[in-house]
Amino acid sequence: MPSPGILADIGQLPVEVVAPIFEKAQEQSLILSMANTMPLSYGQTNIPVITQRPEAGPVGESERKPGSEYRYEMRVVTPRKFATIVTVSQEFMDADIAGLYSQIQGDLSFAIARAVDLAVLHGRAATTGDALAGVEGQFLNATDNRVTLGTALPDEGGLAKDIGDGYELVVDAGHDFTSFAADPRFRARAVNAYDSFGRPLFQAAGPDLSDATMTVMGLPVRYGRAVSGKIGANHDTRVRAIGGDFNQLRVGIVKDLRLDFTDSASITLGGQLVSLWENNLVALRAEIIFGWAIGDLEAFAAYEDAPARS
């Protein structure tokens, strides 16, 4: 008989089921779709991060060639496992296998994507809202480059100036500014942004809520609710966008998504220990192991709302 709370008699779902779930998680995740990828193995991995690139200068014929420096620092990447368990009824599984697989793909890919995004953006766990151990200062919202949205008045440029202020912080630190990760509420800000003459700042044809607004001031933007931090048990951080040089973010997958199932274990549901076999339930467990590294936090700027007035 299985120990309480521990899945036993585990079987692994076929690859034709698991592969689409992992692919969908990669598509749904802001981080997995925007960051550079890197090879990663179990245990800590040291990766080099370039801090100074070589420069070339003019030189005359027969003159001594100028020297240049190439510097890098090592970052330690610690792989982390993220997991979740979903239960469905045996009757539902028997009645509609295709429907079950579709439900699995939707629920589990979404959960994995949100967990990855919240960890890298805010260094927190979606299940508890607690800070992840060992990632102090190694998440994008830890950047010191902060811009409070709504600071600039319409005749000063409004939202366009706010965005430009963050851009300036990043490029002044010597980095490129490649794209934005934004909360859906940031899209509403872009739609509702006007200049001092009442003209839309970001939509030439006028306000259009059906416009995907996939670029802001010419730079690509991807939207996801993890940007605000309000995922699962975690609170809203007031961050509405994080922009910068996403080449400075590297993510590695140690082990692709693994999906196991059982109908004979006991698991905790709603704070109570429940026998799957006695209740005709099937439990599916998804887990992924990945790690990330940030070259320089100054390569990113966080755009946030001002604190609410009491």
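Me: Among contacts in the chain between residues at least 6 apart in sequence, what percentage join residues at least 24 apart?

Reply: Contact here means heavy atoms within 4.5 Å. In this chain the figure is 76%. Keep in mind that this is a predicted model, where local features need pLDDT of at least 70, side-chain atom pairs count only at pLDDT 80 or more, and totals for chains, interfaces and linings use all residues. Numbering runs from 1 along each chain as its sequence is written, and side-chain values use heavy atoms, with hydrogens and water left out.

Me: How many helices and strands does the chain have?

Reply: Helices (H or I, at least four residues) and strands (E, at least two) are DSSP runs, numbered from the N terminus. The chain comes to six helices and 15 strands.

Me: Which strand does β12 pair with?

Reply: Two strands pair if DSSP finds at least two bridges between them. β12 (residues 266-269) pairs with β13 (residues 272-275) over four bridges, in the antiparallel sense. Together β12 and β13 make a hairpin with two residues between them, and G270 in the turn has a positive phi of about 60°.

Me: On to the core. Which residues touch the most other members of the largest nonpolar core?

Reply: In soluble globular proteins, nonpolar side chains tend to be buried together. A nonpolar core is a set of buried Ala, Val, Leu, Ile, Met, Phe, Trp, Tyr and Cys residues joined through side-chain atoms within 4.5 Å; buried means under 20% relative accessible area (1.4 Å probe, protein chains only). Of the 310 residues here, 43% count as buried. The largest core has 44 residues, and I31, L140, L249, V251, F290, W292 and F300 touch the most other members. Its largest share, nine residues, comes from α4.

Me: What does L249 touch?

Reply: Leaving out residues up to four places away in sequence, L249 touches I31, A35, N36, V120, L140, W292, A293, I294 and F300. There's also a second, separate core of 17 residues, including V147 and A301.

Me: And the second largest pocket: which element gives the largest share of the lining?

Reply: On a 1 Å grid over the protein atoms alone, a pocket is an open set of points where a 1.4 Å probe fits, with protein on both sides within 12 Å along at least five of seven lines; lining residues have an atom within 4 Å of a point. Here α4 gives the largest share, four residues. The lining includes F82, R114 and G232.

Notes
Buried < 20%, exposed > 50% of the residue type's maximum accessible area, 1.4 Å probe, protein only.
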